[in-house]
Each structure stands twice: as structure tokens, then as C-alpha cells.
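Subject: Handing over a structure

Hi,

Here is the structure I promised to pass on to you. Please have a look at it first, and then read my notes below.

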Amino acid sequence: MAPVQLAVYDLSRGLAAQLSVPLTGKYIEGIWHTAVLAFGKEVFFGQGIFITKPGTTHHGQPMRVHDMGDTGIDEETFLEYIEELRTVYTAEKYHLLDHNCNHFSADVIGFLTGATIPSYISDLPSDFLSTPFGQMIRPQIDQMFRSAGPSPIPTPPTTASPSPAPPTPSTGGGPSPIASMLLQAVAAQAASARTPSSSPAPPQPARTPSSSIHTPNSLQTFLSLLQQHTCVVAFFTSATCAPCRIIAPAFEDAARQHADRAAFVKVDLGVGMAGQIAERYGVRATPTFITFLRGEKYEEVRGADAKAFRTAVDLLIFTAFPPHPHASLSLPTIRALPTQPILFTTPPDYTALLAKLRSFPSAPVDALSTLETTIIPALQSSTFTPDVIHAWERASSSLLGALHPPELFPVLDLLRLGVLDKTVSSYLAVESSAGTSTSDPLSSILRTLASLPDAEPLPRPTALTALRLLSNSFAHTLLAQRVLSPDHTRPDLTALLVRALLHSDAGVRTAAASLAVNVAAFVRGKRAEDGREKRGEGEREGEEGAEDQDGEWETEVVSALVEALGREENEEAVHRLAAALAHLVHLSPRYADTLQPLLEVLDARATLLGKANAPEVKREVKKLLEEVAGLC
């Protein structure tokens, strides 16, 4: 008997533990790479399968080692098994989430001892993809590992220090530079070229269209795929099956066509321990196709019947993702709505602003001095160093704590411009939400305004400036995500928005409508990135609690928008309220179950048509109101 161990390494070198909470809202200890230790060798999968002397790989020393039991298999049989796996675990088939070193380790451990690798390792992909950040960054991961050829290996960090400089978020909807930095660090370690001590791997074939098809050869790996994907199409085949070769092109065509909606899995009964998968699902002949919906067997097709196979796949996709009721509607005005945020970029008169602050008796003198000598020059030159940002944070905290709510607007006006800068926005998004800053200006502002009694009107200058500041926070994706996080500022932001939409001042209401547009457009953009608009998909497995929370929030915001539309007379505000309502309702995955009944109860259609038929309403506003009314 020979002992078998599992060596565990953190590919992020500490970055995951440091950045996972601000990025994903969930603590992720590490991005795990594993290797199998057996017969005095370390065996792992990266750019192919490598066999090295333990402790001599580019990963350094393992973070921890798990004992996985003893094996009765001899070394010669073990090495023959590894050679057999080389056709399955190739460089071209490597994928950071779907076909990685941990899948390889699971197969090898299962072969040697029948044990399973720890769940904190095998569950990591599904845990990561269950977060909004994971869903956002999945396309970039797929692009890195499923391009037409092998992806270039990013240059690994020159130091293992896990303390990056404050990151700069992206202005677009894609992953930010901080995400790219983390991905590059992980990919550099995960897919690094073999070390000099590694055994040579045979030449790898060119990537083919089928390289995105999963090829599990153990039951554990297969079950992990079922857990990670709503729809799975499994093709049970073998090398000696002639009908399998006939039907294979139809399987590959379906995999290309439905890659965004289902995982396509080829189970070769002659490779590894794939026979366990066949035994689990009663497969006794090839070719056999089995479709799975949310982890459960849905339908089985036996034989090389391409028409029956395609019908089974289409039925699976239709059942999982029924077409949205809005998909067939002609809504040119709604579809043409801009998705860029409404921003307030005009700088204030800094001299007048400082004079106003000095007129308030409780304003701290040292904080005013910091604004005059450090912050305003930085705003004018658009130059923000960490020292400047920290000084600004301290000065803002001092002023927010000392001034009365009606006196806060000059402080907020400076922050309004500050969040337009990438560096400042990054700091607020990452450092504050990670708990590493001494204070959080956005949270402090929203808490102060939320604490004001409902019977008292919001102070106009402060409310107006706060709404414009919050609108500008949508200039950069990371800060927008943080502002709309239900665990951070979203509840207080929503309370402010609902109150401001019904404010007595038209300027405040219009600013609130602008914020509503930015919030709704961002939410719709996230749905589109996830692909859930296109598929009509609502909850994902494991996300029911978060989805329920988001559904309640959407219901509150939609109700507030309809009420505000019924009362609003200012045409610009009406236009923005209608745009915000369109963004939230159109193609919403909650439309049929939640929003449509709500809109009927609120009689939203009559409200919108009443505004559309008002005298002298502009043509583009009328068209938008009529189209949104058609959704109600």
C-alpha cells in the first residue's frame, strides 16, 4: 500500500482572501490549485499533465496537504493511467473554471483511493459563479481559455506580496483592471509553462471547435458539472462505436449553438472511471444522450438519431429558458434608450463654495484648510495620490460629523466631482467596502439623510447635491456595484430616492429621476451581461435568497416610479421616470410573476397613457410613454 496526498496551493497568492469580499460580497480564502502526491512524485495538470519531484514546481510549497488514504494500485498501473489521461487533459482543453487541475486531481484521487477531494476545493467554481462579480467576469475567463488558439500566458507577478495598489475600475460594463490583475495573477500560476524538472508531455493537437465540450472521466467531476449548470447534455460514447462518430457532428453543432445556455459533456466509457457515470444513469449502449435540468435527469435518447437528439436539446432549452413575453414586441424607443449614466460634471465656484463653508460656525478649521490647500487643487488638476485621498476622507468625515444636514451641500458638491475620477471611485469602491478606510463618506451621507424624520422635507440644496453625487457614482462599474449592494448602501439610497421623487421642488425631483435612470439602466445592464434577459431566466440555483431580496427591492422601486409618474408635471422628469421604468420592466426575469401583476394593481397603464395624451407633450416622450404602457 502506498500513501496518497493532495497538495493545495493558492494561485492568487493571497489576493483572493484580500479582495474577495469587496469584489464578490463573499469571502473566498484562495483560488485553489491542487496536485496529487503519490509514489514519490507530484502530478498535476496545467499546460498538459506534469510529473515532478514534490516541492520543485513553480507553485512553491503547498499551503496545506491533505491525506487521501492509501492505494493498492502499483506505480506502473498508476503511470499507465496518467498516460491515458493525457488525451483528456491537454493544454488546449484547460479552463480555469470548467476543466482545471482540481478536476484532474479529483479523477486521479478517485482512481487511486476512491476518495473525493475536499468540497471547499471542488465547490469553488460554483461558489464564485454564484456572485454578481463571478457572472460579470465569466466572459473574460472564457475568452482567455476558449479562444481559437492557446491563450498567451500572462506575465506572473515578480513578487508574492498580496498588497496591490488601490485599483482603478473600468468605466464600461466589463471587468475592471482590479479584476484583470487578479485574473492575470491566477492564470499565470494556473497555466504556467512546465518547469525544467517536469516530464515532457507529448505534442498537443490544434484546438478544435469541440474543445469547449467537457470531458469528465469520473463521477465526481460529472456531478460537479451538474451542480454548476442549469442545463447539461451528456453524450455517452466510446472509441469503438461507429454510430457515435456519425452523430458526433450534430452534438458539436448543438454545443456551439447553445454554449451560452447549456453545458455539453462527452463521456467516453473507455477513459478513466467514466464507466461509473454510465452505471449511475443506467447507460448500457452507445451512443446514448441524456439531458439534465437543474441536476436531475430530464430525457434520454438512444442511438444515432440526429433529429431526436436535436429535439431533446431544444425541449431542454425551452423548458429551462422559456421565451420572454416581451421578446416578440416591437419597442424601438425602449430598445434605443441610452445606457450611459446621466452625469453632473460642471465644477462649482470653488471660492464661493469655501466662503459658504466658512459661514457655518461649526465647520472645523483644519478640515477647511485641507479642502483649500489640498483637495480643490487636486480636483482642478485631476491628480489624486493616496495621501490626497486619505486627507480628503478625513476632512470629509470631520465636516460631515460637524455640520447640520442643511449645511452639507458644499461638502457633497466636492465629492460629486471626485467620484468621476477613476482613482477616487476605486478607493470608495474597494477600500471603503473592505473596511480598510477610516470612514465611508457615501454611507455617512446616506445614513444622515435617511435619519431625517419623514415629516420634515429634505433640505433642498443638500438633497439636490446628494442625488447628483449618487448619480455620478455610476460613472464607474465597481462603485456602482458597491452603491447598489444590498449589504451596503442600497437600502438607504432607495429610501432617499423614494422620498426625493415626491419632493416639492421640481429640481430635486428631476435629479431623483436622473438617479433612477442610472440605477435602472445599471440593473438592466447586469441582467443583459448575465444573459438572463435573453433567456427569460429568473433565479439561479443557490441564489434564491439574494433573488428574493432583489425582487422586493425592484417592487419597491417600480411602485415609487409609478406613483411619481402619476404626480409629476415636469416633462423632463416624466421622460426620465418613464425611461427608468422601461429599463426595469422590459425583459425583466420577474415580469410575469411579480412586476406585471403589480403594474396592473397600480393601474400603471392608465397613468402612462394619461401622461402620453397630455397637451403639447414632445413626440419622443409620447412614444416612450406609449411603449412602456404597452408593457403594463
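How closely do the axes of helix α18 and helix α21 come, and at what angle do they cross? Before the reply, two words on the source. This is a predicted model, in which local features need pLDDT of at least 70, side-chain atom pairs count only at pLDDT 80 or more, and totals for chains, interfaces and linings use all residues. Residues are numbered from 1 along each chain as its sequence is written, and side-chain values use heavy atoms, with hydrogens and water left out.

**The helix pair**

The axes of α18 (residues 441-450) and α21 (residues 490-501) come within 9 Å and cross at roughly 50°. Helices here are DSSP runs of H or I with at least four residues, numbered from the N terminus. Axes are lines fitted to C-alpha atoms over the stretch in contact, with angles from 0 to 180 degrees between N-to-C directions. The two helices are therefore oblique to each other (angles under 35 degrees count as roughly parallel, over 145 as roughly antiparallel, 65 to 115 as roughly perpendicular and the rest as oblique).

On the α18 side, Leu446, Arg447, Leu449 and Ala450 meet Asp492, Leu493, Leu496 and Arg499 of α21; contact means heavy atoms within 4.5 Å. By class, this contact has five nonpolar, no polar and three charged residues (Ala, Val, Leu, Ile, Met, Phe, Trp, Tyr, Cys and Pro count as nonpolar, Asp, Glu, Lys and Arg as charged, and the others, Gly among them, as polar).

**The disulfide**

How many disulfides are there? The count comes to one, where a disulfide is a pair of cysteine sulfur atoms within 2.5 Å. Cys241 and Cys244 form the disulfide, with their sulfur atoms 2.3 Å apart. The torsion about their S-S bond is about 80°, so the disulfide is right-handed.

Are these cysteines buried or exposed? Cys241 is buried, with a relative accessible area of 5%, and Cys244 is buried at 3%. Buried means under 20% relative accessible area, exposed over 50%, and partly exposed in between (1.4 Å probe, protein chains only). Two other cysteines also count as buried: Cys101 at 2% and Cys231 at 0%.

**Around Ala629**

Ala629 sits in helix α28 (residues 619-630) and is buried, at 0% relative accessibility. Leaving aside neighbours within four places in sequence, Ala629 is in contact with Arg605, Leu608 and Leu609. Thr607 is 22 residues from Ala629 along the chain, and their C-alpha atoms are separated by 8.2 Å.

Best wishes
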